[in-house]
Amino acid sequence: MTILHIDSSILGENSVSRDLTAAIVAELTAKGDQTVLRRDLADAETEAAFDGDPVEQLMSADTLVIGAPMYNFAIPHQLKAWIDSIAVAGKTFQYTAEGPQGLAGGRHAIVVYASGGVHDGTTDFVEPYLRQVLGFIGITDVTVLRVEGVAISPEARSKAINDARAKVPGLVESIAA
């Protein structure tokens with residue numbers, strides 16, 4: 001299996017989404033021989049040094065692990081730029097007489113969605129957007145691990161992270177089945 005590990009948080013060591021994407025990738029790689037492709041979208045040096053094509057990287061992956069923190073009700077601009085670089089007509093989707101058709105199907109995506117507050121359908125633009133854009137390119141097998149309320153208090157942060165970490169083994173097991 002090839003895993004595409006994408007992080008977009010600018011918070012470095014303090015990032016909840018980075019911590020949990022790393023835990024998911026560690027759990028996935030503990031299951032056997034995997035290749036991990038890494039994209040750190042918030043690290044300008046890493047991005048500048050990357051000499052591959054993001055579409056080729058996406059298409060070579062079996063599983064995507066995406067860190068998607070909520071910034072001002074939406075995804076970080078770095079993640080949006082990556083999406084713009086992989087949503088390419090003729091490569092990851094095509095237009096047909098029946099409408100657009102995704103060409104990147106057959107992959108599973110795990111999205112770690114981290115937010116400072118707790119959001120419902122009226123203030124959550126992260127999960128619906130990512131499900132829409134991934135579905136547009138053909139990736140409909142999407143699992144979202146929500147980690148909410150991390151800015152409410154230190155206790156709420158710790159509880160949200162611990163609750164999410166406890167779900168990681170079952171989440172990985174369910175996609176491997």
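I start with threonine 29, which lies in helix α1, residues 16-29. Helices here are DSSP runs of H or I with at least four residues, strands are runs of E with at least two, and both are numbered from the N terminus. This is a predicted model, where local features need pLDDT of at least 70 and side-chain atom pairs count only at pLDDT 80 or more, while totals for chains, interfaces and linings use all residues. Residues are numbered from 1 along each chain as its sequence is written, and side-chain values use heavy atoms, with hydrogens and water left out.

Threonine 29 has 28% relative accessibility, so it counts as partly exposed; buried is under 20% relative accessible area, exposed over 50%, and partly exposed in between, with a 1.4 Å probe and protein chains only. Leaving aside neighbours within four places in sequence, threonine 29 is in contact with Ile3, Gln34 and Val36, contact being heavy atoms within 4.5 Å. Its C-alpha atom is separated by 9.6 Å from that of threonine 2, 27 residues apart along the chain.

Next, helix α5, residues 126-136. Val126, Glu127, Leu130, Val133 and Leu134 are buried there. Seen down the axis, these buried residues fall within an arc of 140 degrees, so they line one face of α5; the arc is that of the directions from the helix axis to the C-beta atoms. Their cover includes β3 (63-69), α4 (77-86), β6 (108-114) and β7 (141-147). After α5 comes glycine 138, with a positive phi near 105 degrees.
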